[in-house]
Amino acid sequence: MLVIMRADANLEQINRVINGAQERGYRAHLLRGADQTIVGVVGDGTPKLEEWFGGAPGVQEIVPISKAYKLTSRDFIRRDTVFNVDGATFGGPGIVIMAGPCSVESRAQLLETAHAVKEAGGHMLRGGAFKPRTSPYSFQGMGEAGLELLAEARAATGLPNVTEVMTPEMVPLVCRYSDMLQIGARNMQNYALLHAAGESQHPVLLKRGLSATIEELLMAAEYIMSHGNRRVALCERGIRTYETATRNTTDINAVPVLKARSHLPVILDPSHSTGEAQYVTAIARAAIAAGADGLIVEVHPNPKQAMSDGQQSLTPEQFAALVRQVAAIAAAVGRG
Ligand code: PEP
Ligand code: MN
């Protein structure tokens, strides 16, 4: 539910609405735009806003939003959300590119990749230290030692990083080393994790679940935002369909649909959505043409030797070519 304040509402009138909602057990989010101030009221059950604030001084209108997601919805916030992760801009006029290995494997591997990503024009380094592997016998990641290497790579290249966090208990640890938390496809509906990531106030890259609908993705983002964390980017990473020619099926429709339904930045992961290096660049181009705000791409100095996802990892040279091609598409659709 939204309380739209009059353009001339003063601070006292705005605070009366915020405090009134909070006293009744609801959370209130203040959204101040250049020409409008809105108080979003969320919580369990339906707040009786008309009864509490209808006709109150400074209140212009009360707008019920019946959707199960509110803070993530464009009905709630019309303008694109734009945020910065240590110099990398999400949701702005430009495209943001995150790249790096599936897993952090060693100091040499990570630093070599980080320098290559930086040189090719990437804005952030990706790399998993805690890996959610389908088989318990596959490489599970380097753990905290991997996080330390991500921080070292940041010091060496200036690239901020994004890395996966798998449990709520691990959120403080991962926040210490990382600039953005990745919540993986397998954890999209891990509500305790979404809650902890929301409370951390750290930027979050939320990946779509393997079989999740767009609406379920938006509701998962709502969990994060309902704890006051506004810096959330949505990531399409392919969904499971009957098609077996590729690892997953890129739901390219999700890009314009998410942009229409939500104000949050939309990122596409062509590595996991195709599962094969030879298709990654084509789908990266398609993503930007479709209106995505950025990409997350797996890059490895020696894909054949990668400890995870080598088949879909680009070499540094292939990644540099991807960046050049994506730049041309970005320019063609009026993005930087
Ligand atoms: C990854 O980014 O390496 C990963 C595990 O992705 P997803 O959660 O999309 O499978
Ligand atoms: Mn991977």
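Which residues in H3 meet which residues in H11? I looked this up first.

**Ground rules.** I am working with a predicted model, where local features need pLDDT of at least 70, side-chain atom pairs count only at pLDDT 80 or more, and totals for chains, interfaces and linings use all residues. Residues are numbered from 1 along each chain as its sequence is written, chains are lettered from A and ligands numbered from 1 in the order in which they are written, and side-chain values use heavy atoms, with hydrogens and water left out.

**Helices H3 and H11.** I found Ala-116, Val-117 and Ala-120 on the H3 side. They meet Pro-316, Phe-319, Ala-320 and Val-323 in H11 (contact means heavy atoms within 4.5 Å). By class, this contact has seven nonpolar, no polar and no charged residues. Nonpolar here covers Ala, Val, Leu, Ile, Met, Phe, Trp, Tyr, Cys and Pro; Asp, Glu, Lys and Arg count as charged, and the others, Gly among them, as polar.

I then looked up the geometry. H3 spans residues 107-120 and H11 spans residues 316-332. Both labels are DSSP runs, numbered from the N terminus (helices H or I, at least four residues; strands E, at least two). The two helices pack at an angle of about 25°, with their axes 9 Å apart. That makes H3 roughly parallel to H11 (angles under 35 degrees). Axes are lines fitted to C-alpha atoms, for helices over the stretch in contact, and angles run from 0 to 180 degrees between N-to-C directions.

**The sheet.** I traced an open sheet of four strands in the order E2-E3-E1-E4, with antiparallel pairing (two strands pair if DSSP finds at least two bridges between them). Its edge strands are E2 (27-32) and E4 (59-63), each pairing on one side only. The twist averages 20° from one strand to the next. Six bridges join E2 to E3 (residues 37-42). In this pair, Arg-32 stands opposite Thr-37 in E3. Helix H1 (residues 11-23) packs on the sheet and touches E1 (2-5), E2, E3 and E4. The direction of H1 makes about 155° with that of E2.

**Positive phi.** Most residues other than glycine have a negative phi. I noted two with a positive value. Phi of Asp-86 is near 45°, and phi of Asp-309 is near 55°. Where do they lie? Asp-86 lies in the loop between E5 (83-85) and E6 (88-90). Asp-309 lies in the loop between E14 (294-298) and H11. I also checked Asp-86 for exposure: its relative accessible area is 56%, so Asp-86 is exposed (over 50%, with a 1.4 Å probe, protein chains only).

Terms used:
Parallel < 35°, antiparallel > 145°, perpendicular 65-115°, else oblique. Buried < 20%, exposed > 50% of the residue type's maximum accessible area, 1.4 Å probe, protein only.
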